[in-house]
Amino acid sequence: MATKCGKCGPGYATPLEAMKGPREEIVYLPCIYRNTGIEAPDYLATVDVDPKSPHYSQVIHRLPMPYLKDELHHSGWNTCSSCFGDSTKARTKLMLPSLISSRLYVVDVGSDPRAPKLHKVIEPSEIHSKCNVGNLHTSHCLASGEVMISTLGDPQGNGKGTCWHCGLGQTSADKRHRKHLAVGGTWSVEKVIQVPSKKVKGWLLPEMPGLITDILLSLDDRFLYFSNWLHGDIRQYDISNPQKPRLAGQIFLGGSIVKGGPVEVLEDQELKCQPEPLVVKGKRIPGGPQMIQLSLDGKRLYVTSSLYSAWDKQFYPDLIREGSVMLQIDVDTVNGGLKLNPNFLVDFGKEPLGPALAHELRYPGGDCSSDIWI
């Protein structure tokens, strides 16, 4: 940790201090078996990302959940950098919400970060009865030390999204109007980036839209990154001037419009030709780039290719047969630019129980999309 503090809480005092933090050595990813035809539980994978390690770019531990077909989704921490000043807080638990089963797993990553273990399970019946919510989507720590989980439905499966606050020993839904704040006038939205559709042949529709499925900012607020899952590219924008983002880097990592595939692009406002298929370490990469995570120093971008098992099955059936992948992109933080690291590949098609769908990425010490400073 860059900040010398004998009695500090989790994380870092500021985003710029976080950028001085140590390089990531391991990454946690939820891996899904629902809709793959494999009757096995989802699991939390621990991947070694230390180039000096003999296990570099390998899964070094797997923590299976006790039930089938949960569809683990977006994980989050029990506490984060907003509690940096509270020495009683520690980032030791990873919250794993389940999109389909509505179950919440609390995983202990503090006892042995390289071999997490299950700490607690909050069953759907408790969440349904106490909170009247279901289909847990994303977990995020709050400045108060509590955890907020966004949901997509109610216990009956109706699409009534809300947010649910929980501690490790309590659950409560927050649907009430707490307070009205006057912000001093009207607000407006200005479109500054657009991904145009492509006219195509051999796809579900005559036009293939851009589909931005993940987005994040570097900790210094200089660069914005997003994944364009269907077209198959990741983009880096310099947002030094937020009103005029500048495309600084772009890289294709598979997608639906690669050469030699079933889709022919008839009209494209951006590209002169269809991108080449991506091959890493002899493997042709299925699917397209989906979840992304940036290193604290902004120099490495990690990517996985699974979005949601049902959508994977519909849009990229090869993912179901071959499993998803994890890749790493080197980032030029001076001039902008993205370059594939050809020595890094985690192939989840080679998992012991069969091909799995790896989703979101988390570092033990916090990252760009799981920490907040308030």
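Asn135 is not a glycine, yet its phi is positive, at about 55°. Before going on, please keep in mind that this is a predicted model, where local features need pLDDT of at least 70, side-chain atom pairs count only at pLDDT 80 or more, and totals for chains, interfaces and linings use all residues. Residues are numbered from 1 along each chain as its sequence is written, and side-chain values use heavy atoms, with hydrogens and water left out.

Ser57 is not a glycine either, and its phi is positive at about 60°. You will find Ser57 in the loop between β2 (43–48) and β3 (58–64). Is Ser57 buried or exposed? Its relative accessibility is 8%, so Ser57 counts as buried; the cut-offs are under 20% relative accessible area for buried, over 50% for exposed and partly exposed in between, with a 1.4 Å probe and protein chains only.

Now the whole chain. It has four helices and 26 strands, taken as DSSP runs numbered from the N terminus (H or I, at least four residues, for helices; E, at least two, for strands). For 374 residues, a compact globule would have a radius of gyration near 21 Å, and the chain agrees because its value is 21 Å. That radius is taken over C-alpha atoms, and the globule rule is 2.2 Å times the number of residues to the power 0.38. Along the principal axes, the C-alpha atoms fill a box of roughly 55 × 50 × 50 Å. Of the 374 residues, 53% are buried.

What about the inside? In general, nonpolar side chains in soluble globular proteins tend to be buried together. Here the largest nonpolar core has 29 residues, and those with the most contacts inside it include Tyr28, Leu44 and Met208. Such a core is a set of buried Ala, Val, Leu, Ile, Met, Phe, Trp, Tyr and Cys residues joined through side-chain atoms within 4.5 Å. Two or more residues each come from β1 (26–32), β5 (93–97), β6 (104–108) and α4 (317–322), and β1 gives the most, with three. Apart from this core lies another, of 27 residues, including Ala18 and Tyr225.

Let me finish with Leu44. Beyond its neighbours within four places in sequence, Leu44 is in contact (heavy atoms within 4.5 Å) with residues including Tyr28, His61, Leu94 and Pro116.
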